[in-house]
Amino acid sequence: MKRLLRRIQPVRNVEIGELQDTFLVSAVAMILVIRLQLWATNYPQLGGGKLHIAHLLWGGVFMVVSIGILLSFLGRSLRTPAAVFGGVGFGFFIDELGKFITSDNDYFYKPTAALIYVIFIGLFLATRAMQRRRGFTAREYLVNAMDLATDAARRDLDEDEKKRALALLDKADPLDPLAAPLRQMLNAFDAIPTPEPPWHIRRARAVRDWYLGLVRRPRFAKAISWIFVVWALLSLIQILGLTLDVGEQVRHLSFINICSLVSSVLAGSFVIAGVLRLREDDRHSAYRRFDRALLISIFVTQVFAFVESSFSAVFGLSLDVVLLITLRSMIRGEKHLERQAEPALAAA
């Protein structure tokens with residue numbers, strides 16, 4: 001029975017998060033590139049006459065290339081390029097959504113942006129569910145360690161890859177009949193020194209380290225708090241501008257307007273609660289409330305913003321995403337400080 005379950009149950013890649021995020025980021029970036037390029041070139045037609053090479057065809061080409069890479073070649077290093085090509089192809093494909101949900105093939109159908117946004121929200125939540133479901137099993141760690149070891153037959157294994165394979169094997173079941181031979185084989189490998197990463201990777205890491213250092217500064221935390229206060233005030237001003245003018249305008253508010261107002265009020269209430277927590281010097285709790293406000297804005301308010309203003313809502317969404325990334329980094333910093341303070345409190 002156990003062998004049958006092993007055959008039926010698929011094994012996840014421990015790099016599933018990075019690969020899925022690469023796919024989604026590539027798809028979103030491709031949509032933005034397409035829309036900006038079309039706007040800048042006044043929407044040209046490729047083909048001339050009665051011919052028109054639609055984005056859908058380019059999407060098919062890129063997705064076929066992605067599938068071809070995965071079906072034809074072995075090696076972990078090819079998965080990232082396949083994720084990029086697949087994401088680019090999906091971006092080309094989904095950008096044409098308006099043509100295929102309207103009777104007149106309207107590429108500029110206004111709700112298209114909101115529908116695409118909802119699709120990506122669904123994909124994001126689905127990928128997160130796949131990554132967090134019950135954690136990785138001992139069997140999955142073992143198979144991923146074997147996957148890393150197979151790279152040694154294709155090319156030399158570097159020191160970091162060898163250490164990672166052994167670390168994965170440490171989380172596998174030591175009684176598994178494959179675990180001991182695999183560990184022996186990994187230990188027997190002569191790993192080469194880890195090569196220096198390419199210049200763009202080094203540059204990206206330098207920017208990341210600079211940013212994380214900036215986030216940890218106390219003044220930066222205060223500045224972010226003020227940014228959230230301003231963000232909430234702007235939302236409240238927008239709400240007051242729409243609701244204080246009672247009469248005909250209020251009676252003619254659409255369902256989308258009402259939903260936008262309700263979600264904005266809810267997000268603003270979390271910001272206010274966070275500010276009150278800051279006054280009590282409870283930063284972790286305050287940041288958690290700011291985080292909920294941003295999630296409401298990203299997963300609810302921005303949906304209606306895309307319905308009302310189409311792809312111009314990207315700018316507001318970009319601000320929310322940058323704030324969320326910054327805030328999550330600050331939350332991790334607060335957790336780290338709390339873990340450091342626990343031994344001192346226990347000793348006292």
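Guide: What follows looks at one pair of helices, then at two other places for context. The model is predicted.

Start with helix 7, residues 138–154, and its partner, helix 9. Helix 9 covers residues 179–188. Two packed helices are described by the angle between their axes and the distance between the axes. Here the axes come within 11 Å. They cross at roughly 30 degrees. Angles under 35 degrees count as roughly parallel, and helix 7 and helix 9 are therefore roughly parallel to each other. The crossing of helix 7 past helix 9 is left-handed.

Which residues make the contact? Helix 7 contributes Leu142, Ala145, Met146 and Ala149. Helix 9 contributes Ala179, Leu182, Met185 and Leu186.

Now take Leu186 of helix 9. Is Leu186 buried or exposed? Its relative accessible area is 0%. Buried means under 20%, so Leu186 is buried. Leaving out residues up to four places away in sequence, Leu186 touches Ala149, Leu157, Lys162, Ala165, Leu166 and Leu169. Ala149 belongs to the helix 7 side of the contact. Leu186 and Ala149 lie 37 residues apart in sequence. In space, their C-alpha atoms are 7.0 Å apart.

Next, helix 3. This helix spans residues 55–72, which is 18 residues. From first C-alpha to last, helix 3 reaches 26 Å. That is close to the 26 Å expected at 1.5 Å a residue. Its buried residues are His55, Gly59, Ser66 and Ile69. Seen down the axis of helix 3, these buried residues fall within an arc of 90 degrees, so they line one face of the helix. What covers them? Helix 2 (16–40) and helix 4 (79–95) are included in the cover over the buried residues of helix 3. The face turned away from the buried side of helix 3 carries the exposed residues Leu57, Val64, Leu71 and Ser72.

One more residue, Thr127. It sits in helix 6, residues 112–132. Beyond residues up to four places away in sequence, Thr127 touches Gln20 and Leu24.

Helix 7 and helix 9 run roughly parallel, with Ala149 and Leu186 among the residues that make their contact.

Conventions. Residues are numbered from 1 along each chain as its sequence is written. This is a predicted model: local features need pLDDT of at least 70, side-chain atom pairs count only at pLDDT 80 or more; totals for chains, interfaces and linings use all residues. Side-chain values use heavy atoms; hydrogens and water are left out. Helices (H or I, at least four residues) and strands (E, at least two) are DSSP runs, numbered from the N terminus. Contact means heavy atoms within 4.5 Å. Buried means under 20% relative accessible area, exposed over 50%, partly exposed in between (1.4 Å probe, protein chains only). The expected span of a helix is 1.5 Å times one less than its number of residues. The arc is that of the directions from the helix axis to the C-beta atoms. Axes are lines fitted to C-alpha atoms, for helices over the stretch in contact, and angles run from 0 to 180 degrees between N-to-C directions. Angles under 35 degrees count as roughly parallel, over 145 as roughly antiparallel, 65 to 115 as roughly perpendicular and the rest as oblique. A crossing is left-handed if the near helix is turned anticlockwise from the far one by less than a right angle, and right-handed if clockwise.
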